[in-house]
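Hello,

Here is the structure I promised to send over. Please open it alongside this note. What I found follows below.

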Amino acid sequence: MKDPTRIPEIVDTITKLWEQCPDLRLGQIICNSLPPDHMDPYYVEDDELLTQLKKTLDLYNKSV
């Protein structure tokens, strides 16, 4: 069983990113955060998704 404590951090990171780009849809936020070789989010593990979401959020915050 996967650790349920991972959920709040992932959701919080998505929330912060979505607030920065409210015109995007959830699927766009997730897919845009993934590197080209991981375009299918179905196969991405949660820890990798979280890492990529944080990188995207950092890049966005640096550009604003």
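Is lysine 54 buried, partly exposed or exposed? This is a predicted model, so please read everything here as computed. Lysine 54 has a relative accessible area of 34%. Buried would need under 20%, and exposed over 50%. Lysine 54 is therefore partly exposed.

Lysine 54 sits in helix α3. Leaving out residues up to four places away in sequence, lysine 54 touches Glu9 and Thr13.

Now the helix packing. Helix α1 covers residues 6–20 and helix α2 covers residues 26–33. They pack at an angle of about 105 degrees, with axes 11 Å apart. That angle makes α1 roughly perpendicular to α2. On the α1 side, Ile14, Leu17 and Trp18 make the contact.

Next, the core. The largest nonpolar core has 12 residues, among them Ile14, Leu17, Ile29 and Leu34. Helices α1, α2 and α3 (46–63) each give two or more residues to this core. The largest share, four residues, comes from α3. In soluble globular proteins, nonpolar side chains tend to be buried together.

Last, leucine 34, one of the core residues. Beyond its neighbours within four places in sequence, leucine 34 is in contact with Met39, Pro41, Val44, Leu49 and Gln52.

Best wishes

Key
Residues numbered from 1 in each chain as written. Predicted model: local features only at pLDDT ≥ 70, side-chain atom pairs only at ≥ 80, totals over all residues. Heavy atoms only, no water. Axes fitted to C-alpha atoms, helices over the stretch in contact; angles between N-to-C directions. Parallel < 35°, antiparallel > 145°, perpendicular 65-115°, else oblique. Contact = heavy atoms within 4.5 Å. Core = buried A, V, L, I, M, F, W, Y, C linked by side-chain atoms within 4.5 Å. Buried < 20%, exposed > 50% of the residue type's maximum accessible area, 1.4 Å probe, protein only.
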